Amino acid sequence: LFEKSRTRQLKIEGQIRVRATDFVPLQITLVAQEGDAPNSVREEAAVNYAESKFGAMLPVSTEHREVRGGKIVMENHFSYSNFHKFGASSDISFPTDK
C-alpha cells in the first residue's frame, strides 16, 4: 500500500472460494490491517469471477473499501464486461542451402 510517497508493508489475510466440482476460483477476498482501534487502518477487497462464454473464468467485479477508525473513508466498485477472444498465429522458417 502507498501512502504519502512511502510504501507500507502490511500482512494480508484472505480467502479463496472455489467451485466444488473443479476447485476453480469464484471469489478471492483480501484483508490488510495496520494498527489497533481506534486508529486502525483496514483495507478490504473482494474479486468475483464467473465463467465467460469462451469457457475461461474471468473477473466480473471488484469491491474495495478502506476503513479508518471504524469508518469507511473510501469505497470503490469495479465491473468488468465485454471480454473479447482473439488469436494470432505465426510461422518461423529457416532457409537451408541444398
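Hi everyone, let me start with Glu 75, which is partly exposed at a relative accessible area of 40%. For that scale, buried means under 20%, exposed over 50%, and partly exposed in between, with a 1.4 Å probe and protein chains only.

A word on the source: this is a predicted model, where local features need pLDDT of at least 70, side-chain atom pairs count only at pLDDT 80 or more, and totals for chains, interfaces and linings use all residues. Residues are numbered from 1 along each chain as its sequence is written, and side-chain values use heavy atoms, leaving out hydrogens and water.

How confident is the predictor? On pLDDT, its confidence in each residue from 0 to 100, the chain has a mean of 88, and 92% of its residues reach 70 or more. Strand S3 (residues 12–18) has the highest mean, 96, and strand S1 (residues 2–3) the lowest, 55.

Now the overall picture. The chain has seven strands and zero helices; these are DSSP runs numbered from the N terminus, with strands (E) of at least two residues and helices (H or I) of at least four. The C-alpha atoms fill a box of roughly 80 × 35 × 25 Å along the principal axes. The radius of gyration is 21 Å, while a compact globule of 98 residues would be near 13 Å; that value is taken over C-alpha atoms, and the globule rule is 2.2 Å times the number of residues to the power 0.38. Of the 98 residues, 18% are buried.

Back to the charges. A salt bridge here is a side-chain nitrogen of Lys or Arg within 4 Å of a carboxyl oxygen of Asp or Glu, and the structure holds seven. Which residue does Glu 75 meet in a salt bridge? Its partner is Arg 65, at 3.3 Å from N to O.

Is Glu 44 buried or exposed? Glu 44 is buried, at 18%. Glu 44 forms another salt bridge with Arg 42, at 2.7 Å, and Arg 42 is partly exposed at 29%.

Note on methods:
pLDDT is the predictor's confidence in each residue, from 0 to 100.
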